[in-house]
Amino acid sequence: MKRFVTIVCCLISSLAIGDEVSSTKLGPNHPPIVKNASKELKTADAWQVEFQKRLDWWSLKPMRKDEPPTVNDAAWSKEPVDRFIKAALDAMQLTSAPPADEATLRRRLSFVLTGLPPSDASDKPDPSDYVESLLASPHFGEHFARHWMDVVRYTDTYGYEWDNPAKGSHEYRDYLIRAFNDDIGFDQLVREQLAGDLLSQPRIHPKAQTNESLIGPMFYHMGEHRHGSSLMFNGIHQEMVNNKIDAFSKAFLATTVACARCHDHKLEAVSQRDYYSLAAMFTTPRWTSRVIDAPGKNDAAIAKLKGLRDAIRDELAAQWTMRGTFQAPTLKAWAVANRPSLKGIGAPLAAPDELSKLATEWEKNRAAAKKANEMFKSLDAKRPSSGWVIEGDGFTHGFVEEATPLIALEGENIVSRLLPRGWHSHALSSKLPSSLRMPPQHLVPGKIVSLNVAGGEFGGHLVVDDHAFQNETVAFYTNTDPQWKSFNDAALKNGAQQVTIEFCTSSLNPNFPPRTGLAKGLKNNDFGYDKRSWISITDVVTHDTAGTPQDELDAFTALYQNNTAADPWERIAAWFNTIVQRWRAQQSQPGDSDVLNWLLANGLLPNQSPVGTQLVADYRRIESSIAFPRTVNSMDEREVVTAKYPLNVRGNVDALGELVPPASLQMLHGDRITNRLALAESLLHPEHPLTARVYVNRVWQWIFGTGLVATPDDFGRLGDKPSHPELLDWLAREFIREGWSTKKLVRRLVLSQTFRQSSHVSDAARDRDPSNRLLSYYPTRRLEAESIRDSLLAVSGRLDPQLYGRPILPHRVAEDAAKRFFSGPLDGDGRRSIYLQMSIMQPPKFLTGFNLPDLKLPTGRRDVTNVPTQALVMLNDPFVLAMAKHWAQQLSQNSSSPEQRVRHMFMRAFSREPNNAEMKRWLSALESFGGDTPAAWESLAHAFFNAKEFIYYR
């Protein structure tokens with residue numbers, strides 16, 4: 001109902017459009033500003049009066065500093081949490097439930113802390129020891145990461161029409177698992193997810209060798225992202241901004257800021273200006289892919305490759321010296337025998353008697369080209385001007401001088417070719433990632449920018465219209481020799497404020513793989529992993545009129561200038577000798593690489609030798625040891641201009657109001673907070689009224705099923721008020737004091753008497769506290785979808801405990817290659833559910849049957865339903881049947897008696913011993929299924945899976 005009211009409110013406001021449009025422009029081709037926009041927003045004074053009233057709300061007031069109350073029960077006096085709970089129960093004249101028995105408590109602890117049933121090896125009689133073993137289990141991080149993934153609308157795809165892969169999503173998932181297992185403080189996770197790219201000292205994981213801080217901002221890039229851009233269809237970038245604001249405000253503040261997109265919030269102390277202040281902050285950085293490998297990870301290998309390349313160059317120079325100089329007779333004879341090769345660089349050899357005429361034409365054409373090229377302003381290729389950003393080791397180590405050898409990675413030759421001066425991402429290895437990011441087009445001098453580019457293996461460029469990195473204007477190069485590509489300044493429309501272009505290898509292309517059909521040669525079932533990819537950029541120019549720089553024919557300078565040989569063939573020989581000598585002396589000039597490559601291609605220069613072969617073998621061995629890059633869609637705020645975001649009057653994307661600078665929420669005194677790192681630090685102030693409260697409440701919910709505030713994503717007026725406000729504030733302050741440690745908080749809660757209660761419900765509790773808000777007993781809880789599936793794997797003996805890795809495709813009945821909906825193994829290779837691909841358009845069907853949340857939206861609390869379709873899933877789903885069969889096969893390998901096997905099944909499925917009546921009943925069932933046969937045990941295993949006790953714990 002709450003969501004319906006919010007949507008209707010926004011729709012009414014967005015339809016009430018009728019303001020006069022001003023001719024004032026925000027910039028060239030920018031949409032008009034709506035005149036008198038202030039009428040829509042009320043007067044400032046009126047809002048301030050209302051704003052002050054709305055500040056009078058429990059969640060915006062300072063946290064209390066109350067001491068835990070005194071209670072008259074010794075057992076409930078040890079832990080402060082229990083004292084708060086007991087005092088509230090006493091006030092309502094309710095008694096607490098008796099303690100749960102050992103088996104019940106162990107099962108509860110295992111599911112609450114790891115999402116898995118107790119294992120046979122977890123035999124620790126002392127509850128404290130058992131808790132410590134569970135907190136130390138790697139499965140703890142998996143389970144708590146899955147909780148947080150709900151909050152941040154985790155997805156492995158971007159949904160909408162094509163469901164493109166979300167680059168690096170699994171890296172973010174694994175980052176969360178590591179963080180919870182390592183008990184990284186929540187304060188650090190806040191910094192990393194909001195502004196990890198801005199941290200001066202990023203957190204490097206020593207074992208994973210990843211820059212954890214740079215993974216964090218993928219938080220912004222979850223959920224649905226439309227393909228295309230606002231230049232094509234209005235509203236695309238605005239929807240993406242709304243996605244981020246909604247996730248941020250709900251996840252960290254439990255505040256529905258997105259409701260202020262169209263107007264000042266109808267209920268909370270959030271103005272429309274607040275919304276667009278956050279929009280400006282979140283759109284200041286580039287939304288793009290970043291390399292998350294630990295800095296310097298490849299430095300040792302790169303240094304060796306550079307050394308070997310130098311040695312190979314020396315060997316090649318020695319071979320060329322041993323060959324001797326080019327001689328006129330030899331060249332003449334070669335030309336006669338190789339007429340088909342006499343074109344391009346070899347053209348003068350086809351008409352040596354016309355060299356004088358060719359020289360005249362060359363001088364004329366060269367002069368004309370130089371004249372024509374005066375209109376182009378060349379940017380320094382080695383040091384791009386302000387606003388241009390380089391990413392990745394490929395370009396960091398890829399700028400080379402003229403005629404640098406590109407070592408052959410296969411075949412018998414020493415070098416593949418010699419590279420012209422410029423950036424070459426594959427200069428050392430085509431595994432190394434690279435990206436050159438252009439400033440917004442309107443900030444680059446000139447109306448047009450042109451680049452001389454080459455590329456292969458899905459290296460290319462992506463035009464990003466106002467942060468729309470799922471834009472379909474993506475291109476992939478297939479030319480080995482650089483060619484000019486021009487980009488005209490785009491006409492900004494539909495509210496778009498900027499257009500940027502990224503020239504990148506596939507691993508740093510945030511839209512790779514794009515939707516099927518856009519990357520020629522990429523199979524539909526290829527998700528873009530582990531690609532050798534390269535891109536070259538040899539020149540960048542800006543200009544105001546159409547055209548591209550003309551070839552100044554540098555390759556022929558040594559033939560037609562200062563070449564005094566009289567005989568044509570002597571002149572050609574001198575041309576080749578001059579260029580080879582310059583190369584040996586490391587003094588190559590522009591155009592020399594073209595000549596040398598022609599000589600190599602035609603066998604006129606040696607490209608093999610025993611010494612060179614061994615050096616190349618060493619080079620290839622080291623190059624092959626370099627791992628493919630790990631990248632995620634993150635943030636890049638280097639060399640950017642702070643954004644101001646146009647307020648959309650009444651939320652109408654066609655009606656632009658004032659430009660709003662970055663800031664945080666006014667209710668949190670955020671006027672002076674202008675960047676994401678400052679925002680993160682402001683949330684971590686010890687007296688911040690929301691951050692710790694919101695997270696502590698989430699953890700309480702993960703432990704007890706319902707938070708102290710029952711609406712974890714909304715601490716506002718449509719949300720619930722805390723059942724124990726003093727306890728919430730005490731926990732929040734303790735959480736901060738203890739270093740924002742999740743494990744310390746969890747340990748405190750699960751070792752409390754409150755947690756240890758049984759699920760016995762008294763008549764008084766049913767009458768006075770029907771929702772159990774006072775926690776007079778531990779609520780019986782159904783397993784979440786993932787835990788149901790994981791329990792089937794664990795109990796049947798099929799569970800693979802491996803951590804981390806790329807998403808595993810869920811099993812599908814029907815496939816759709818155009819959308820990359822392919823089917824994976826029925827049991828997901830035994831991996832936990834957290835590793836299944838979370839596709840927005842087709843999430844795992846088994847999980848959706850048990851209330852997997854809508855992957856587009858932040859979900860702090862899942863729905864829990866009990867519907868007939870769930871019973872049908874447990875009865876008929878092929879996965880359930882397969883697990884029953886696997887369990888039966890495991891049992892068949894046990895030579896014990898049927899009674900012992902049934903007892904073992906009880907322990908595996910229900911974590912307890914059966915009583916005598918249960919033993920008789922289940923043995924009778926075994927007989928009815930056919931006795932001690934494989935089929936009967938399979939049916940019995942299936943019956944265990946369908947018992948309510950299997951999917952519930954108390």
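A crossing of two helices is right-handed if the near helix is turned clockwise from the far one by less than a right angle. The legends below describe close-up views of a predicted model.

**Figure 1. Helices H6 and H25 cross in a right-handed sense.** H6 covers residues 127-136 and H25 covers residues 742-750. Their axes come within 11 Å and cross at roughly 150°. Angles over 145 degrees count as roughly antiparallel, and H6 and H25 are therefore roughly antiparallel to each other. On the H6 side, the contact is made by Val131, Glu132, Leu135 and Ala136. On the H25 side, Lys743, Val746, Arg747 and Val750 take part. Sorted by class, the contact of H6 with H25 has 5 nonpolar residues, 3 charged residues and no polar ones.

**Figure 2. Helices H8 and H9 form another right-handed crossing.** Here the helices are H8, residues 169-181, and H9, residues 186-195. The axes of H8 and H9 cross at roughly 165° and come within 12 Å. H8 and H9 are therefore roughly antiparallel to each other. From H8, the residues in the contact are Tyr172, Tyr175 and Ala179. From H9, they are Leu189, Glu192 and Gln193. The contact of H8 with H9 is made up of 4 nonpolar residues, 1 polar residue and 1 charged residue.

**Figure 3. The second largest pocket has a volume of about 1100 Å³.** This pocket is lined by 35 residues, and the closest to its centre are Asn452, Asp551, Asp554, Gly591 and Asp594. Two or more lining residues come from each of strand S6 (377-379), strand S10 (415-419), strand S18 (534-543) and helix H20 (592-601). H20 gives the most to the lining, with 4 residues. By class, 15 residues of the lining are nonpolar, 10 are polar and 10 are charged.

**Figure 4. The peptide bond between Phe512 and Pro513 is cis.** Omega of this bond is about 0°. Pro513 lies in the loop between strand S17 (499-504) and strand S18.

**Figure 5. Ala254 has a positive phi.** Phi of Ala254 is near 50°, and the residue is not a glycine. Most residues other than glycine have a negative phi, and most peptide bonds are trans. Ala254 sits in the loop between helix H11 (236-253) and helix H12 (272-283).

Note on methods. Residues are numbered from 1 along each chain as its sequence is written. This is a predicted model: local features need pLDDT of at least 70, side-chain atom pairs count only at pLDDT 80 or more; totals for chains, interfaces and linings use all residues. Side-chain values use heavy atoms; hydrogens and water are left out. Axes are lines fitted to C-alpha atoms, for helices over the stretch in contact, and angles run from 0 to 180 degrees between N-to-C directions. Angles under 35 degrees count as roughly parallel, over 145 as roughly antiparallel, 65 to 115 as roughly perpendicular and the rest as oblique. Contact means heavy atoms within 4.5 Å. Ala, Val, Leu, Ile, Met, Phe, Trp, Tyr, Cys and Pro count as nonpolar, Asp, Glu, Lys and Arg as charged, and the others, Gly among them, as polar. On a 1 Å grid over the protein atoms alone, a cavity is a set of points where a 1.4 Å probe fits but cannot get out, and a pocket is an open set with protein on both sides within 12 Å along at least five of seven lines; lining residues have an atom within 4 Å of a point. Grid points are joined across faces, edges and corners, and a volume is the space filled by probe spheres set on the points.
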